[in-house]
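Reader: I'm new to this one and would like a walk through it. Could you show me the structure before we start?

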Amino acid sequence: MKSADLVIRGLKQLVTCRGPIPKRKQAMLDLGIIEGAAIASAGGKIVYVGPDKELDVEVKVAPGGVVLEACGLVGFPGFVDPHTHLPFAGTREEEFLLRLRGATYQELAARGLGIQTTVRATREITTDELTRECFSRLTSMLLLGTTTIEAKSGYGLNLETEIKQLQVLQELRKIHPVEIIPTFLGAHEVPAEYKNNKPAYINLLVNEILPEVKEKGLAEFIDVFCEAGVYSPEETRIIAAAGRRLGLKLRLHADEFSSLGGAELAVELGAVSADHLIHVSQKGVETLARSNTTAVLLPMVPLFLRLGQLPPARRLIDAGAIVAIATDFNPGSSMTESMLLVTQLAVFLLGFQVEEAITAATANAAYALERHDRIGSLEPGKDMDLVLCSIPNYIHLIYHPGPNPIVHVFKKGKWVVREGKIRLN
Ligand code: NIG
Ligand code: FE
């Protein structure tokens, strides 16, 4: 008999996404669904997942424990968002209108707009104000069922502001229930003051900013925007190698606007993920399929930028690549914090099956952050990161877009969204 301090019973369905993880090909279709389910945890760790009718023989509720009668709700693992640019200041709606009138993302960048606009704003904002902004963004995410995110710097592009962004993430980890995994993206753009001297910026990045990030313990990953006109594959290698020497793991913005062999480079360098992949080559698809590098697709970006080209999701899945999805939450190319929306777009726009999209937003997304031993699926020993939805079955998560079906969210066993309302401490 196991003792539990949190029991949720009477679930219509429980989507467990149970392992083995990562899931490739057909395995992505297997959601490990339990009909008429219950789930229980102790100290934030799951101790029981199974049929409701066997709960009473397996689990006893500890004194003072909470029992929630879920009355026909459907449960999922908390969404994991493995690619966000959370700590940015200001928004870019004017540039959004310029793009709708015909300007391209690259044209705006060449005029010193785009990422540079956000860099100017992020350099100016105070640490406290940035923390407040991010806190409320995290709360929006939680209300939409996201319990863990990756978050990148990259709107500072100098020592002071890159550190400021990462320190804000550090502070948020202490005060907000959404779990944050920090990535250093000093190579997101070339700052305006180094426009004619990129080697000098790379030098600053590698010899000053990066060591400071490491010394202060502010990042787990390093990321590079490997793109025509930004960082070439050769420059990406130099920056990635410097990160590796300091013990940071690699992720790459790869093949977003042009085909530079970013996917192949990510695999060669042992990157944990290669993200975007709108212009990945067939060789890149095959290389990813043979590797353990996760292909992180960002379905909102081609839609938001009206690119007219989509990442080859079907080819990646069918070839056997590990595929995850993410929001890419940022003010320029994907102003959404909703993994729910992204999961729907994966189906409507990229050709995922419903089950594949759910796997890509949970189990495989956890793998893309090297956290699959603890989150992304509901199994004994893992964290009680649980989302409860008011829908008749799991298919309605995609089939019925528009309303937010999420009524309760638990993070590490803490009841953080209750009846659709946030509840901190
Ligand atoms: O992932 N591609 C580079 N970075 C972001 C966009 C950032 C921005 O426009 O502010 C992306 O799409
Ligand atoms: Fe991005």
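Reader: Which hand does the crossing of α5 and α6 have?
Author: This is a predicted model, where local features need pLDDT of at least 70, side-chain atom pairs count only at pLDDT 80 or more, and totals for chains, interfaces and linings use all residues. Residues are numbered from 1 along each chain as written, chains are lettered from A and ligands numbered from 1 in written order, and side-chain values use heavy atoms, with hydrogens and water left out. A crossing is left-handed if the near helix is turned anticlockwise from the far one by less than a right angle, and right-handed if clockwise. For α5 and α6, the crossing is right-handed.

Reader: How are α5 and α6 angled to each other?
Author: Helices here are DSSP runs (H or I, at least four residues), numbered from the N terminus. The axes of α5 (residues 127-143) and α6 (residues 159-175) come within 10 Å and cross at roughly 50 degrees. Angles under 35 degrees count as roughly parallel, over 145 as roughly antiparallel, 65 to 115 as roughly perpendicular and the rest as oblique. So α5 and α6 are oblique.

Reader: Which residues of α6 meet α5?
Author: Contact means heavy atoms within 4.5 Å. On the α5 side, the residues include Leu-130, Cys-134 and Phe-135. Their partners in α6 are Lys-164, Gln-165, Val-168, Glu-171, Leu-172 and Ile-175.

Reader: And how does α6 lie against α7?
Author: α7 covers residues 198-215, and its axis is 10 Å from that of α6, at an angle of about 25 degrees. That makes the pair roughly parallel.

Reader: Which residues of α7 does α6 meet?
Author: α6 passes α7 in a right-handed crossing. From α6, Leu-159, Glu-162, Ile-163 and Leu-166 take part. In α7 they meet Glu-208, Ile-209, Glu-212 and Val-213.

Reader: Which residues coordinate the iron ion (ligand 2)?
Author: Donors are N, O and S atoms within 2.8 Å of the metal (3.2 Å for Na, K and Ca), and water is not among the atoms, so sites may look incomplete. Along the chain, the donors follow the spacing H-x1-H-x167-H-x74-D. At 2.1 to 2.3 Å, they are His-83 (NE2), His-85 (NE2), His-253 (NE2) and Asp-328 (OD).

Reader: Is His-83 buried or exposed?
Author: Buried means under 20% relative accessible area, exposed over 50%, and partly exposed in between (1.4 Å probe, protein chains only). His-85 has 2%. His-83 has 0%, so His-83 is buried.

Reader: How many residues of α14 are buried?
Author: α14 spans residues 354-361 and is mostly covered. Among its buried residues are Val-354, Glu-355 and Ile-358.

Conventions. Axes fitted to C-alpha atoms, helices over the stretch in contact; angles between N-to-C directions. Helix = DSSP H or I, 4+ residues; strand = E, 2+ residues; numbered from the N terminus.
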